[in-house]
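Let's take a walk through a structure together. Have the sequence and the 3D view ready, and follow along as we go.

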Amino acid sequence: MNYLTIALFLAATLAVSPVMAADHASHGQTGAVASATAPVDREKVWKEILAKPSLAVSADFDEKGRLWLAAMRGQHIYVSYSDDRGVTQSAPVKVNAEPENFLGDGENRPKIIVRKGMIYLSYTQGLAKPMSGDIRFSRSTDGGKSFSAPITVNDNREIISHRFDSMAVNGKGYVYIAWLDKREQSAAEKKGEKYNGSAVYYAMSDDGGISFRRNIKIADHVCECCRTAMAVDTDDYPVVTWRHIYDTNIRDHALVKLDGKMAPVRLSHENWNIAACPHHGPSLSIASDGIYHAAWFSNAPERHGLFYARSTDQGKTFSSSLNFGNFEAQPAHPYVLSLGSRVYLVWKEFDGESTGIFGMRSGDGGKSWSAPAKLASTSDVSDWPLLIGENNRAYLSWNTKIEGYRLIEIDAEIK
Amino acid sequence: MKRFGILSVLCLAVWSFALAPAIAAQDIKPFVRGSYQQIISARQGKPFIVNFWSLTCNYCVVELAMLKKLIKKYPKLDLVLVSTDTQEEEKDISANLAKFSLGKAEAWVFADSFTERLRFEVDKKWQGELPRTYFYSANVGARRAMPVQAISGKLEYKEVEQWVKQQYAIQ
C-alpha cells in the first residue's frame, strides 16, 4: 500500500463550505405546502445542493489502532486509512463504483464502522425530487481493498425522504440501520390527509450486511431533519434516539431499545415548541458498564443550550439534565463518547471570530465533569466534531476547511 | 440588470401591493459582516420585522405565503427578508420573492460561507434554525418598550397581525 498518498486528500477535496441549513427538510408537505413551494424551481435548487461539496468526514478505529476515514468527494464515497493518527493517509478507495448523488450537508454524513476485519458503510443517496433520498449500505470484507456494490436498505422505493441514517454493529456482527422515513406522510398525502413530521424506521442484517430484513417502524411523528443516533447496549441490542414531535410541535428527544419489548421513552423535557426542524440531532453512547450517555441541543425559551443526561436502568429513566456550553457562543452539535467509566463530551462554539471545539471529561460515569477546555479552533467553515475511541484513549475527529482533517487526543488537552 | 432591479422596486413602490404580483427581479443585497447593524441603524426607533429564511426550508416558504397576505393588508409594514442561501441562488430567491409579491421588502442573501460569523452578529443565541424572525418594536419615548423579540419556527398570521396593528397603531 502506498503510504505516501497525500494527507492533503481530505483537506483539498473537502475544503469547501458545509451548507448550513441546506436541507431544512420536507416539513409538512401537504397540498398547501406543495402549491406554496411551486414558484421556485425546487428540483433545480435541490440539484445544486446535491452538487455542493461536503466537509463531512467520519472516522473509526479498528482493533489494531488503524484509523479509517470515510468522505464524500464528487459522486463517490472514499475510504482511506492512517497508521499515524491521520497525519498520512492511504490511497483512498472508491466505495460506490457507479456515481451517485449524496447528502453531505447539515447533519448528513457517511457512517463508517470497522469491526473484526469488516468495514461497514451507510449513507444517504440524494434522489431526483427535493428532500428525497435512499438509505444505502456497502461493506468491505478484504480490509478495505474493495467494497460491495451498495444496496438500498429502505424497502419503500418512492422518491421521498428516507434520510438521516445511523448505524451500529453488535457483537454478533448484526448490522442495524435506523433512519427517518416519509412513507407514512406520503401515504397520508395521497389520501388527502395530513401527517405531522416523519416516521423513524430501522432494518437489521444478520448476515453481516449481505442483505437486510424488512423495514420496521420504530415510531410515528418525529422531527424531519435532525440526525438520529444509535449505540449498542451490553446485551447486544441497539438503542436509537431521535428528536421526536410531542403534541403538535414540541420537539424534544425520544429513545428506545430495539429489543422488541421496550416502548419509546422521552429523553428530554425542554418543551421546545417550534414549527420548524432545528437540524440539530442527539448523540448517544453506551458504556461497557451499561450506563447510557446522551447529549442534545434545545433552544426552548426556558431551558436552552446543550444538555447531557445519563441512565443507569437501560434507558427507562434518565438523570436530570446537565446544561453545558456557553449559550452566548452558539454552542452546537454535541457528541458523547464513553470508554468504561470515563465519558467525554465535545461541541462547537463560536466567539465572534473563530469556531472552537470544546470538550469536557467525566471520570465517574458522567456524575461529575471537568471544566470545559478548548481542544481546537478554526477561522472558517468546519464539519461537526466527532469522538472516537481506541485502546482506552478518546480522540476528537474534526475536519475544517483551512486546516484539513485533525485527530486530537483529548486527555492530553483537558487538565 | 441592477438598474432594472431598482426600477422594478420603484414601480412596486408606486403601484403598491394590491396590484398583480411582482414579476420583475429585485435586487438582493449581499448580507455580510456589518449588514445586520446596517439594517437596524437605518430604522432607528421605527418598527420592523427581520425574517431569516431559506429556499430549502419548507416552513419558511409557507411563512412567506403568510407574509404575502400580511403585507398586502398592511403595506406600511417594514419587512426585511434575509435568505440564508448563497448568492449563487440569487435568481431563485428573487423569483420566489416576486411570486409572493414580496418584491418591495428589503431583500438580502448570506454572502459569507462562514455562516456562524453572520449569525453571531445577528444574535449569539441563534443556532441557525429556520425560519427565525426578529420583531423590532417602535420607540416609546426614548426607548423601545419591548426592544426585540426573536422567534424560531413558522409564525401564525394572527400573532404577526396583532403585532403589526399595535406597532403601526392600526385599528
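**A walk through two chains**

Start with chain A, whose secondary structure comes to four helices and 27 strands. The radius of gyration of chain A is 20 Å, close to the 22 Å that the globule rule gives for 415 residues, so chain A is as compact as a globular protein of that length. Keep in mind that what you're looking at is a predicted model. Of the 415 residues in chain A, 54% count as buried. Now look at contacts in chain A with a separation of 6 or more: 54% of them are accounted for by residues 24 or more positions apart.

Let's pick out one sheet in chain A. Four strands make an open sheet there, in the order β13-β14-β15-β16, and the pairing is antiparallel. At the edges stand β13 (229-232) and β16 (265-266) of chain A, each with a single partner strand, so one side of each has no neighbour in the sheet. What holds strands like these side by side? Strands of a sheet pair through backbone hydrogen bonds, either parallel or antiparallel. Zoom in on strand β15 (residues 253-257) of chain A: two bridges join β15(A) to β16(A), and the two run antiparallel. Here A:L255 stands opposite A:V265 in β16(A).

Next, the greasy inside. In soluble globular proteins, nonpolar side chains tend to be buried together. The largest nonpolar core here has 146 residues, and those with the most contacts inside it are A:I177, A:M230 and A:V346. Which element gives the most to this core? That's helix α3 (residues 58-73) of chain B, with seven residues. Take A:V346 as an example: leaving aside neighbours within four places in sequence, its contacts include A:Y335, A:F358, A:L375 and A:L396.

Over to chain B, which has six helices and eight strands. From the N terminus on, its elements run α-β-α-β-α-β-α-β-α-β-β-β-β-α. Buried residues make up 45% of the 171 residues in chain B. Among the contacts in chain B with a separation of 6 or more, residues 24 or more positions apart account for 74%.

Why is strand β5 (residues 132-136) of chain B described as largely enclosed by the rest of the structure? Five of its five residues are buried, so the rest of the structure largely encloses β5(B). B:R132, B:Y134 and B:Y136 point one way from β5(B), while B:T133 and B:F135 point the other way. Strand β5(B) also has partners. Five bridges join strand β2 (residues 48-53) of chain B to β5(B), running antiparallel, and B:N51 has B:T133 as its bridge partner in β5(B). Another five bridges join β5(B) to strand β8 (residues 148-152) of chain B, again antiparallel. In β8(B), the bridge partner of B:R132 is B:S152.

You'll find A:A329 in the loop between β20 (322-324) and β21 (332-339) of chain A. Is A:A329 buried or exposed? It counts as buried, because A:A329 has 20 C-beta neighbours inside 10 Å. Leaving aside neighbours within four places in sequence, A:A329 is in contact with A:E349, A:F350, A:D351 and B:K124.

Technical notes
Residues numbered from 1 in each chain as written. Chains lettered and ligands numbered in written order. Predicted model: local features only at pLDDT ≥ 70, side-chain atom pairs only at ≥ 80, totals over all residues. Buried ≥ 20, exposed ≤ 12 C-beta atoms within 10 Å, placed from the backbone. Pairing = 2+ DSSP bridges. Contact = placed C-beta atoms within 7 Å. Rg over C-alpha atoms; globule rule 2.2 N^0.38 Å. Core = buried A, V, L, I, M, F, W, Y, C linked by C-beta atoms within 7 Å.
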